[in-house]
Amino acid sequence: MTSSARPLVNRRLAEFGTTIFAEMSALALRTGSINLGQGFPDTDGPEEVREAAVRALRDGRGNQYPPGPGVPELRTAIAAHQERRYGLSYDPDTEVLVTAGATEAIAAALLALLETGDEVVALEPYYDSYAACIAMAGGTRVPVTLRPHEGAFRLDLDELRAAVTDRTRLLLINTPHNPTGTVLTRAELTAIAELAVERDLLVVTDEVYEHLVFDEAEHVPLATLPGMRERTVSIGSAGKTFSFTGWKVGWVTAAPGLVAAVRSAKQFLTYVASGPFQYAVAEALALPDSYFTAFRDDMLTKRDLLATGLAEAGFGVFRPAGTYFVTTDIRPLGEQDGFAFCRALPERAGVVAIPNAVFYDHREAGAPFVRFAFCKRTGVLEEATRRLKTLGA
Ligand SMILES: *Cc1c(COP(=O)(O)O)cnc(C)c1O
């Protein structure tokens, strides 16, 4: 028997409990609600990419442990993608690492690069694995809060500068940003880059929504800015870009020393993953521009459908410049508390959403905001908005 005085979960993890997505997805199932909580598409990615995975399986490619850094075909395709899209050149052998989704890339980067007590400055609200991974790595998170300003959540650069101390080891940046849909501008990213260079900081940048950028917004990889290539760990994911979130294929591109550091942690997390899928993603990354454009245009249509429907239902809407999420303000509906609102929403309207407060250390700053995912079939989004319009009635 274990001592009853001592909790089973260690104190670094104790504060995190079960992720909100488990609770809300279970609630969706139990109430038969439309689940706009968790961000996964309800249709699979391109048929030819699925077929490429089947071929790899049948041909016996990747059914046994693939090489630790990832199969050469995929590393080459990742490097070619970075070159084609952004003019960034990476050596597939020393500057690319395949991971079990972006999730493992984030975990391995933080575990490898942090010493106990190092501070990590991250944009709040943050993706839910960041806080837990910083904690597991023994780091201390220092949030810089994105605040609503003229219809979008914006970064205050003075606040960012003030958050950096002598103990800061790295900046953890996410653009396009989940959950707010903010895409950092070139000017903001340039200021971040200047700060990183001036204070000699490492930067981990989560760019899994790099292909989901709308209207006038532009995705600028931090690694393209002066002084950044050598200090930046860039993270991408096939799950988000090709709508195969179950395949768990992600990657890191960075200078050789950084990739080697991340690999030193990664090798003891999963060692390797997703063998046959790696070959399929290599083919996916080589798809013509028309795939990426059509994917974005399709999501843009869905964004407009959901954002407009939510506005008509009485929500305050932050129309996202990127990602596949809309953050809303529930105060125009006479509500204050996103947690209570989301727990009641399945009964009231048959829809599940996520309270943004779970992505905040300053819970009160996130209290009135609620996130809806629009990576769903048009009919599903139409039905969801029809249901939500009953809320005001
Ligand atoms: C989905 C998501 C991830 C995780 O990506 P996987 O490849 O599924 O592990 C990481 N960061 C952000 C911001 C995400 O939205």
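R50 and E47 sit three residues apart in helix α2 (residues 47-58), which means that about one helical turn separates them; helices here are DSSP runs of H or I with at least four residues, strands are runs of E with at least two, and both are numbered from the N terminus. The side chains of R50 and E47 meet in a salt bridge, with 2.5 Å from N to O, where a salt bridge is a side-chain nitrogen of Lys or Arg within 4 Å of a carboxyl oxygen of Asp or Glu. R50 counts as partly exposed at 34% relative accessibility, and E47 counts as partly exposed at 42%; in these terms buried means under 20% relative accessible area, exposed over 50%, and partly exposed in between, using a 1.4 Å probe and protein chains only.

This is a predicted model, in which local features need pLDDT of at least 70 and side-chain atom pairs count only at pLDDT 80 or more, while totals for chains, interfaces and linings use all residues. Residues are numbered from 1 along each chain as its sequence is written, and side-chain values use heavy atoms, with hydrogens and water left out.

Side chains of opposite charge can pair when their charged atoms come close. The structure holds 29 salt bridges, and one of them is formed by R199 with D166, whose closest N and O atoms are 3.7 Å apart. R199 lies in the loop between α7 (186-198) and β8 (202-206), and D166 in the loop between α6 (157-163) and β7 (168-174), so this pair ties together parts that are 33 residues apart in sequence. R199 counts as partly exposed at 32% relative accessibility, whereas D166 counts as exposed at 76%.

Another salt bridge brings together the side chains of K389 and E312, at 2.8 Å from N to O. Because K389 lies in the segment after α14 (378-388) and E312 in helix α11 (residues 289-312), the pair ties together parts that are 77 residues apart in sequence. K389 is partly exposed, with a relative accessible area of 38%, while E312 is exposed, with a relative accessible area of 53%.

From charged pairs we can turn to the strands. Four strands form an open sheet in the order β11-β12-β15-β14, with antiparallel pairing. The edge strands of this sheet are β11 (316-318) and β14 (354-355), each of which pairs on one side only; two strands are taken to pair if DSSP finds at least two bridges between them. Strand β14 is joined by two bridges to strand β15 (residues 369-373), and these strands run antiparallel. Within that pairing, P355 has V370 in β15 as its bridge partner.

A further view of the fold comes from T103, which is found in helix α4 (residues 101-113). T103 counts as partly exposed, at 31% relative accessibility. When its neighbours within four places in sequence are left aside, T103 is in contact with Y127 and K248, contact meaning heavy atoms within 4.5 Å. T103 and Y130 are 27 residues apart in sequence, and their C-alpha atoms are 9.0 Å apart in space.

Most residues other than glycine have a negative phi, and most peptide bonds are trans. Against that background, the peptide bond from E124 to P125 is cis, with omega near 0°, and P125 lies in the loop between β3 (119-124) and α5 (128-136). The peptide bond from N178 to P179 is also cis, with omega near 15°, and the place of P179 is in the loop between β7 and α7.

Positive phi values can be followed through two residues other than glycine. Phi of E150 is near 50°, a positive value, and E150 has its place in the loop between β5 (147-149) and β6 (152-154). S243 has a positive phi near 60° and is found in the loop between α8 (238-242) and β10 (250-253).
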